[in-house]
Amino acid sequence: MQTLIRTTVLLSVGYLTAFAGEATTRWSWQEAHSIVLPTGNLEWAPQPFGFKAGESIRYIDFESGSDANDGLAKEKPWKHHPWDAKATDQAKSCRGPHTYVFKQGVVYRGELEAHESGSPATPIALTRDPSWGAGPAVLCGSEMVNGWKRGADNKLIPEPEKVWHVDLDWAPRNVW
């Protein structure tokens with residue numbers, strides 16, 4: 001059994017569009033995701049995800065990547081994003097406006113702290129490529145909790161076989 005602590009983010013789509021020669025940042029939450037029917041009811045109508053690669057792409061696979069790789073191809077991804085304090089080698093030294101593609105079906109465990117930004121013409125993007133992996137790409141600024149034990153030894157707890165517990169050597173801020 002696993003518990004995630006802190007924050008979990010599913011990668012969505014953030015993209016750049018231009019109107020009349022003026023660059024404007026548009027994000028998925030700024031778009032309408034429903035339509036109003038003649039009855040007044042709402043119908044869910046989200047736009048499908050569209051992968052948009054920038055001019056420079058870096059690939060990240062937390063499960064089987066290596067920071068010693070160049071990160072330029074799906075076959076040679078990094079383990080860590082350059083903004084992660086645990087990044088080493090080539091991943092750590094990368095700077096500039098890139099499209100960072102996280103492998104689908106992989107949970108990235110780390111904290112990203114941005115020390116740089118792109119521009120409207122050359123944005124920094126965190127995204128996923130539907131042709132690489134299966135399932136969601138998940139960023140978790142959390143720690144996995146292992147060592148769960150089944151059962152409770154307090155006789156006041158009904159159905160003690162349905163209780164799981166673990167001893168932590170640190171105090172979590174949030175648990176869910």
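Reader: Is Y108 buried or exposed, and what is its relative accessible area?

Author: This is a predicted model, and the values that follow are computed from it. A residue counts as buried under 20% relative accessible area. Y108 is therefore buried, as its relative accessible area is 2%.

Reader: How are the rings of F62 and Y108 arranged: stacked, edge-to-face or tilted?

Author: A pair of aromatic rings is described by the distance of the centres and the angle of the planes. For F62 and Y108 the centres are 4.9 Å apart. Their planes stand at 55 degrees, so the pair is tilted.

Reader: How many residues apart in sequence are the parts that this pair of F62 and Y108 ties together?

Author: F62 lies in the loop between β6 (57-60) and α1 (89-93). Y108 belongs to strand β8 (residues 107-109), so the pair ties together parts whose separation in sequence is 46 residues.

Reader: Which residues do ring pairs link into a cluster?

Author: Besides its pair with F62, Y108 forms an edge-to-face pair with F102, with 5.5 Å centre to centre and 90 degrees between the planes. F102 counts as buried at 3% relative accessibility. The cluster linked by ring pairs consists of F62, F102 and Y108.

Reader: Which residues line the largest cavity?

Author: The largest cavity holds about 40 Å³ of space. Its lining divides into seven nonpolar, no polar and two charged residues. The lining residues are I60, D61, F62, F102, K103, V106, Y108, V138 and L139.

Definitions and conventions:
Residues are numbered from 1 along each chain as its sequence is written. This is a predicted model: local features need pLDDT of at least 70, side-chain atom pairs count only at pLDDT 80 or more; totals for chains, interfaces and linings use all residues. Side-chain values use heavy atoms; hydrogens and water are left out. On a 1 Å grid over the protein atoms alone, a cavity is a set of points where a 1.4 Å probe fits but cannot get out, and a pocket is an open set with protein on both sides within 12 Å along at least five of seven lines; lining residues have an atom within 4 Å of a point. Grid points are joined across faces, edges and corners, and a volume is the space filled by probe spheres set on the points. Ala, Val, Leu, Ile, Met, Phe, Trp, Tyr, Cys and Pro count as nonpolar, Asp, Glu, Lys and Arg as charged, and the others, Gly among them, as polar. Rings of Phe, Tyr and Trp (its six-membered ring) pair if their centres lie within 6.5 Å; planes under 30 degrees apart count as stacked, over 60 as edge-to-face and the rest as tilted. Helices (H or I, at least four residues) and strands (E, at least two) are DSSP runs, numbered from the N terminus. Buried means under 20% relative accessible area, exposed over 50%, partly exposed in between (1.4 Å probe, protein chains only).
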